[in-house]
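Reader: Can you walk me through this one? I'd like the fold order, then the overall dimensions, then the packing.

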Amino acid sequence: MRCPEVQELLPAYADDRHADLSVRRHLASCDECRQALDDYEQVLDGLSAMRSIVAPVPVALRDSLVAIARAEKRLDKMVTHVTRNRRAYAGGIAAVAVGAAGAALWRSRRVRTAAA
């Protein structure tokens with residue numbers, strides 16, 4: 001086998017060394033391909049080490065995540081409440097809008113009267 005063919009097979013060979021006898025023969029005589037195999041093995045070792053590391057959850061983060069879940073439940077309750085009572089809220093908003101318009105009209109007339 002030639003180097004380009006072997007180098008295509010190296011990722012699989014690094015994971016399973018019993019895969020191909022011709023690759024083993026080539027690696028016995030080729031320093032460049034052996035170095036490439038070492039590089040793949042280092043990558044696999046690094047990935048394996050990454051899988052086994054488990055970091056503890058910081059207390060503040062855990063508390064924050066729990067608070068978010070509680071807030072979402074409160075938000076769901078609020079949305080349900082507003083949905084059920086939307087007519088009352090719409091009426092309240094309309095009353096505020098009418099009141100604001102009336103106050104603006106009253107103020108504009110008062111300013112005109114004072115200017116006259």
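Author: From the N terminus on, the elements run α-α-α-α-α. Keep in mind that this is a predicted model.

Reader: How many helices and how many strands does the protein chain come to?
Author: Five helices and zero strands.

Reader: What is the radius of gyration of the protein chain?
Author: The protein chain has 37 Å, whereas a compact globule of 116 residues would have a value near 13 Å. Along the principal axes, the C-alpha atoms fill a box of roughly 105 × 35 × 25 Å.

Reader: What percentage of the residues count as buried?
Author: 10% of the 116 residues.

Reader: Which residues make up the largest nonpolar core?
Author: Ten residues in all: V6, L10, Y13, A14, V23, L27, C30, C33, A36 and L37. Two or more residues each come from α1 (3-15), α2 (21-29) and α3 (31-52). The largest share is that of α1, with four residues.

Reader: And what does L10 touch, not counting residues up to four places away in sequence?
Author: L27, C33, A36, L37 and Y40.

Reader: Switching to contacts between residues at least 6 apart in sequence: what percentage join residues at least 24 apart?
Author: 42% of those contacts in the protein chain.

Reader: Last topic, charges. How many positive and negative side chains are there?
Author: There are 18 positive and 14 negative side chains. The centres of the two sets lie 32 Å apart.

Notes: Residues numbered from 1 in each chain as written. Predicted model: local features only at pLDDT ≥ 70, side-chain atom pairs only at ≥ 80, totals over all residues. Heavy atoms only, no water. Rg over C-alpha atoms; globule rule 2.2 N^0.38 Å. Buried < 20%, exposed > 50% of the residue type's maximum accessible area, 1.4 Å probe, protein only. Contact = heavy atoms within 4.5 Å. Lys, Arg positive; Asp, Glu negative; His and termini not counted. Charge placed at Lys NZ, Arg CZ, Asp CG, Glu CD. Core = buried A, V, L, I, M, F, W, Y, C linked by side-chain atoms within 4.5 Å.
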